[in-house]
Each structure stands twice: as C-alpha cells, then as structure tokens.
Amino acid sequence: MIVFWLIAAGLAALALLVVLRPLITRRRRATLSRRQANIAIYRDELRELDADLAAGTLAREHYERSRLELQARALEDVAAEEPPPMQPRGRRMALAAGVALPVVALLVYFAAGNPGALLERQAIPDAAQIEAMVARLAAKMEENPGDVEGWKLLGRSYAALGRYPQALAAYAKAAERAPRDAQLLADFADALAMARGQRLAGEPERLIARALEIDPENLKALALAGSAAFERQDYAHAAELWSRMLPLVPAGSEDARSIAQNVEEAKTLAGIGASPSKAASAHPGVRGTVRLAPALRKQVKPDDMVFVFARAADGPPMPLAVLRARAADLPLEFALNDSMAMARGMSVSAHPRVVVTARGSKSGSAKPAPGDLQGASGPVANDASGVAVTIDSVVR
C-alpha cells in the first residue's frame, strides 16, 4: 500500500511539473526531503519486524523475506531523485492546482474506480534488482558520508542480504556519527553476532550493554541480551531480561504470549519455581569440531559461509539447532543445544540420536546448492562430545 501511494505521489508530481512548468522559474532546496520522511516510515516498519523476530512470533525465514521486500521498497525510494520545490512566483496558482488536481483525481477514483485493487499483490523485485538498489545507495553514501540514516539503512540492507562484513562497515560509520543511538547499537550487535556464527559473546554483548545503558527499554536490545544470557546458560538472567520486555508489548498480544513462554522456559531451566534437580538437568547438547578436508581447501574462500546443524537421526528433516560461521573459522569447535532450537518442541534434547552436518555455502544460503561443500557425522547421542565432522564432499 505504501509503495502504491509513493508511486502515485511521484506520478502526480511529474504530471504537475509538466502542467505548471510556466509558473516555475527558479529552484531552491527543500526544507524537508521526501527521502527523509520515507526513511522514517521504513525505520518504524523495520523496527516492527525486528520486534516480531525478537519476540519469537516470526520465523527467521519469513523475517528475512519480509525484510528484503521492505528494504527493496525503501531503497527504491531513497535512490530516486527528489522533485525540486516551486518558487514564490506563481506559487498561489500552482498551490491551488497542486491541491485541487490530486483531490479531484482521488474523488473520481474512489467514486468510479476500483479501490480494492490497491490491495492486490505487488511485484517483488528480484535479487538482481535489490543488489542494484543497494549498490546505488552505497554510491550515494560515498558522496554523502555524513548521512547517518543512510548508513543505517545501508547496514540493514547488507544484513538482509547476508553480506555481514559490508553491513558491519556501514553500521560502524553510522555508530561513529550517532554513538548514542540504542537501536543502531542493537542492530550493529545483531549483525556482528551473525557474522560470528550467531554468537553473541564478546563484542556483540558489549554493544548490547551500551544500547541498554542508553535506552533500558529498547526491545531488540533486551531480546538480544536475554539470548546472550541464555547462550551462556545464565537462565535466571535471561528470564529477568525477557520479563522486562512484557510491559513494552500490548498485553494479551501474540508477542506477549511468546515472550511469556520464553520467560517460563528460562525460569524452568534456572530452577525458578521448579525443583533443583530439574535445573541441574539443563541439556548440554552435542559438541565437537568441524574440519575441512585438505583436498578441498583450494575450493574455499575465507568469507564463504559455513552452516553447522543437527538433525534427528530418526525423525523429521527440520534442523534442531543451527550454527553459522565463516570458512576462515575452520577448524571450528561447535556446541549445538536447545538454545539454538528453530521451533518450540524441535530441540536437540527431544531426540535421543542426532546427525551433525556441516555445509560450506558459496551463495551464503543455508539451502544446499550444486558446488557447495559438506560433510556429516554418523548418528550420535544428543549429548555426545568430541564429535568429528569433516567437510569432504561436493554437493552435486
């Protein structure tokens, strides 16, 4: 819907420019750009998506697809040249026409047109178009390096495309210019964690702490901080951090229910309101090391993505836990546990025997493609340690 109105506004502006050209003699800069307004709108929508992902109400696959679509729409608007404003000469006449024409057009459209058509499916840009839009935004940022909002949008765009090194560079430039932007720091931490195989320990966690110092009620920072505590098995702290999210979402909403479930899970693992024996039984998961076969080293670049995941030896093919890293991190020590579960009830501890697979992806996608490299363990216990996985074959 937003895209339609922006396109309609652009076409109306073009038509008015032709009609009113005799009344326009000179140009000057606008005091408020349409680009800045659009960026503000898309920022709010991106925050809503981030909040849904953080609350667990949106699967990462659907999140990434929705975010790419939103990024594409935003980038297209950002890349467009802004129409110049009109000069005082003829301004009253031009303003009258400028207001009357769109109003009349809208009245006629809603009276005789088909407003329901606005809700029909919009075309989604393909990968090449999105890459081109990101490239245009990157070029604009080189020309205007002081644009903080532009750097933030570029960082989100690269992150949505899975290009985390470029995302980190863009976020770093934004953070230099806006060091006390809590949302920016949370986004920066998220991208940094993804670049490090979804590991929040270290610098990502320090960025999250800074974000919460600036804004203790930042929803994404609270969600990430709770996840970091959960990763290091500090379940009591995770429960406390996630509990702070509940007043920030509508009571009784799906977000609130999902957050409450996560809080209860963390409390159970921490033994809060449960017997000590239950707390002591937190499942360690399956642990081991991934190595690359020497014969395949020449086929791998340091920035190639590596996915390590556990699946049930006898069960559905859906991954129970996933870890993301770079080929430069190999050999890689891994631990796949319940904190990395892709869906509630589909966890490592729920299946007695699992198979660990490691895949080197040329495209950066978790979906296997010809030319990817992979290797797998045999079936092992879900709490096994010292599991050895060698990436030694090519996906055909």
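**View 1. An aromatic cluster made of Phe230, Tyr235 and Trp242.** These three residues group together in one cluster in this predicted model. Rings of Phe, Tyr and Trp (its six-membered ring) count as a pair if their centres lie within 6.5 Å. Searching the whole structure turns up three aromatic pairs.

**View 2. Helix α6 meets helix α7.**

**View 3. The residues between α6 and α7.** Contact means heavy atoms within 4.5 Å. On the α6 side, look for residues including Val148, Trp151 and Leu154; on the α7 side, Tyr164, Ala167 and Tyr171 are among them. The contact holds 10 nonpolar, two polar and four charged residues. Nonpolar covers Ala, Val, Leu, Ile, Met, Phe, Trp, Tyr, Cys and Pro, charged covers Asp, Glu, Lys and Arg, and polar takes the others, Gly among them.

**View 4. Helix α8 crosses helix α10.** The axes of α8 (residues 182-195) and α10 (residues 219-231) come within 8 Å and cross at roughly 35 degrees. This crossing is left-handed too. Gln183, Ala186, Asp187 and Asp190 of α8 touch Lys220, Ala221 and Leu224 of α10, giving three nonpolar, one polar and three charged residues.

**Notes.** Residues are numbered from 1 along each chain as its sequence is written, and side-chain values use heavy atoms, leaving out hydrogens and water. The model is predicted: local features need pLDDT of at least 70, side-chain atom pairs count only at pLDDT 80 or more, and totals for chains, interfaces and linings use all residues.

Note on methods:
Axes are lines fitted to C-alpha atoms, for helices over the stretch in contact, and angles run from 0 to 180 degrees between N-to-C directions. Helices (H or I, at least four residues) and strands (E, at least two) are DSSP runs, numbered from the N terminus. Rings of Phe, Tyr and Trp (its six-membered ring) pair if their centres lie within 6.5 Å; planes under 30 degrees apart count as stacked, over 60 as edge-to-face and the rest as tilted. A crossing is left-handed if the near helix is turned anticlockwise from the far one by less than a right angle, and right-handed if clockwise.
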